[in-house]
Amino acid sequence: GTETFSDHKIVIADMQFDELFKVFTTKPKNTAAPLAVRQLADGTGVASYQTTLQEHLYNHIPSSDSATGVWAATTSAILAAAEASIGRMHRSAANRFILPNPRVALLSKRQQELRLLAQSGHHKATELKQGRNRISHEIRAIQRDAANTRLDKIAEQVEAAPNSAQMFTAAAILRSGDRQQRVVVESADGHVLVQDEDKASRVRDHFQAQFGSTSNDPIPPPPPHQLLSPVTEVEVTAALNRLNNRKACGPDNIPGELLKYASTVLAPTIAGIINTSLTLGEDLSSVIGPGTLIPLAKPNKPRGPVTNLRPIVLLNTIRKVMSLITLKRISSDVSRHLGPVQSGFRPGRSTSDVIWTQRWIAAKRA
């Protein structure tokens, strides 16, 4: 090398390391594992969950109470029954949640015992090592079979979807484990916000101004009255069976699978809640109103401005059920007012049909 003079001088800095720590570290995630609802989807835990839920409903649902009170008790019964019957997922070494496997747990325990014996200077260390290797091969075989089974189920889900929706279904399943980038939010004067509370306030205020206009008078609620055709258990069961699996839940933390795979058990209670609330004019806004706002960055847009965020609201599952019941009742009347070119949000139709038709006509005229 070569020698050169340095102009470095002593620098005294007064830094707030607690603020820097907040900038360069992420907020600790919730360590609670999700409920193992996959056991309901593959049919292994349905019977146990339904039986446990029936017992909880019988013991905890009040005989006479407000609709919101009955639903609060029903929610507690659902979560307690799921916790007692199907349990929660296990966290794997790759920081992913997986279903518990008793055989793998037993083999892992035995493998750990052999490892401790080998490290303690046992005279049969070579045989112990060979036994550990055999257990490792067996664990890998079990995990490989489980992975192949999961891929077969994914293929079944894709093939069961309508032809026009298979591509979207496959993309959603394959991307379900992708990590989303952290959302960058700027203040009104263009400074990047660091605290999560400030980000949430900024995003909430922006979208509330966009969608929560108070310029128009709100529609007054209808007076209490009984429906000419009350909601039946059959309608509720059909709506519950239409709930999709593997969907994020709202503030109530109830996955759709917990309602879907206990439709016959929950249908009488949910039908009673809806009919009672309409007859008595009870406000269900505390049940169906809340939602969790998730801001997603728009692709190919600069990160930071709130105008470049797309809002996604995760609703409570009971609201989805009520929406499906309402949609089923009004769909025939609404369809009479829709033109033949309307393809989006219609059963048996897709916007891809319009695109294909347009390209087919263009090719015929070419």
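Helix 5 (residues 102–119) and helix 6 (residues 125–160) of this predicted model pack at an angle of about 160°, their axes lying 9 Å apart. Helices are DSSP runs of H or I with at least four residues, numbered from the N terminus; axes are lines fitted to C-alpha atoms over the stretch in contact, with angles from 0 to 180 degrees between N-to-C directions. The two helices are therefore roughly antiparallel (an angle over 145 degrees). On the helix 5 side, R103, V104, L107, S108, R110, Q111, L114, R115, L117 and A118 meet residues of helix 6, namely L128, G131, R132, I135, S136, E138, I139 and I142 (contact: heavy atoms within 4.5 Å). By class, this contact has nine nonpolar, four polar and five charged residues (nonpolar: Ala, Val, Leu, Ile, Met, Phe, Trp, Tyr, Cys and Pro; charged: Asp, Glu, Lys and Arg; polar: the others, Gly among them).

The second largest pocket has a volume of about 620 Å³. A pocket is an open set of points on a 1 Å grid over the protein atoms alone, where a 1.4 Å probe fits, with protein on both sides within 12 Å along at least five of seven lines; the volume is the space filled by probe spheres set on the points, which are joined across faces, edges and corners. The lining comprises 21 residues (an atom within 4 Å of a point), with P222, I274, S277, L278 and M322 nearest the centre. Helix 11 (263–280), helix 12 (285–288) and helix 13 (317–335) each give two or more residues to this lining, and helix 13 gives the most, with five.

Residues are numbered from 1 along each chain as its sequence is written, and side-chain values use heavy atoms, without hydrogens and water. Local features need pLDDT of at least 70 and side-chain atom pairs count only at pLDDT 80 or more, whereas totals for chains, interfaces and linings use all residues.

Note on methods
Angles under 35 degrees count as roughly parallel, over 145 as roughly antiparallel, 65 to 115 as roughly perpendicular and the rest as oblique.
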